[in-house]
Amino acid sequence: MKKAKLFLVCAFWLMAAVVGNSAVAEEFVAADFIRFAAAKNMSEVAAAKRALKMSTSAEVKAYAQRRLDEQAVLRAPLEALAQQEGVTLDYSQQGSYVFIRKGETFDTAYANKRAAELKRMVRVMRKAMLAENPDVRRYAEQALPVLMQHWYQSQQLVRALNNPVPTDSLLATR
C-alpha cells in the first residue's frame, strides 16, 4: 500500500513535469510534495522512537535522539507551507518499518534503512528546488542542507556498525 502511494506521488511528479506550466499541475505537484515530505518526516520520527526502544547500540540511540530533536526543524516550516497551500496533513497514520534481513541486527537494519530513505529525500529536495512554486523551492532550499547532514550522519552510522573500531585500539602503540 505504501509503495503504491509512493509510486503515485512519483508518477504525479513526472506527469506535472510533462504538463509544464499549467496552474492545475503546479497546485497538484505542490500538494503532493508537501504530503510526501510530511510522510517522510513522520516516518523518520516513528523510526527514531522505535530505535530508542529497540536498539542495543549507544551510537544508534544517540543518532535516533538527534533525529527526533532535529525533525522539528523540518516539520514546523513544512506545516506552515501546508497551511499556506491549503494542504491538510494527516498525522494519524504514523508508521515506520525496518526490515531485518537474516543475520542482520536491528541496529544495522535501522542504519541501512535511514541511509536509503535520506538519500531518497535528498534527491526529492534537489528536484523540489527546481519547482515553479516559490514556497516549495524555499522550503526545499532550507531543508536540503539539514537532510544532507542527516544523510551523511546515517552513512557514518552504517560504517560504524559494519566496521566497529574498538576505542582502546586507537590508543595502542606498537
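**Entry 1: Ser 154**

I noted that the model I am reading is a predicted one. I then asked myself where Ser 154 is found, and the answer is helix H5. Is Ser 154 buried or exposed? Its relative accessible area is 1%, and because buried means under 20%, I wrote Ser 154 down as buried.

**Entry 2: the whole chain**

Next I stepped back to the chain, which has six helices and zero strands, so that my reading along the sequence gave the pattern α-α-α-α-α-α. Of the 174 residues in the chain, I found that buried residues make up 41%. For the accessible surface I noted a total of about 10,500 Å², and carbon and sulfur atoms hold 59% of that surface. I also looked at contacts with a separation of 6 or more, and among these, residues 24 or more positions apart account for 69%.

**Entry 3: the helices around H5**

I returned to H5 and looked up how H4 packs with it: the angle is about 155 degrees, and the axes are 8 Å apart. Because angles over 145 degrees count as roughly antiparallel, I recorded H4 and H5 as roughly antiparallel to each other. The crossing in which H4 passes H5 is left-handed.

For H3 and H5 I wrote down an angle of about 165 degrees, with the axes 11 Å apart, and that makes H3 roughly antiparallel to H5 as well. Here too I noted a left-handed crossing, with H3 passing H5.

**Entry 4: the largest nonpolar core**

Which residues touch the most other members of the largest nonpolar core? I found that the core has 41 residues, and that those touching the most other members are Phe 33, Ile 34, Tyr 110, Met 125, Val 136, Tyr 139 and Leu 147. Helix H2 (23-54), helix H3 (58-85), helix H4 (106-128) and helix H5 (134-162) each supply at least two residues of this core, and the largest share, eleven residues, comes from H5.

I reminded myself that in soluble globular proteins, nonpolar side chains tend to be buried together.

Finally I followed Leu 147, one of the residues in that list. Apart from its neighbours within four places in sequence, Leu 147 is in contact with Leu 74, Leu 118, Met 121, Val 122 and Met 125.

Key: Residues numbered from 1 in each chain as written. Predicted model: local features only at pLDDT ≥ 70, side-chain atom pairs only at ≥ 80, totals over all residues. Heavy atoms only, no water. Core = buried A, V, L, I, M, F, W, Y, C linked by side-chain atoms within 4.5 Å. Buried < 20%, exposed > 50% of the residue type's maximum accessible area, 1.4 Å probe, protein only. Helix = DSSP H or I, 4+ residues; strand = E, 2+ residues; numbered from the N terminus. Contact = heavy atoms within 4.5 Å. Areas by Shrake-Rupley, 256 points an atom, 1.4 Å probe, with all protein chains shown as cover. Axes fitted to C-alpha atoms, helices over the stretch in contact; angles between N-to-C directions. Parallel < 35°, antiparallel > 145°, perpendicular 65-115°, else oblique. Left-handed = near helix turned anticlockwise from the far one by under 90°.
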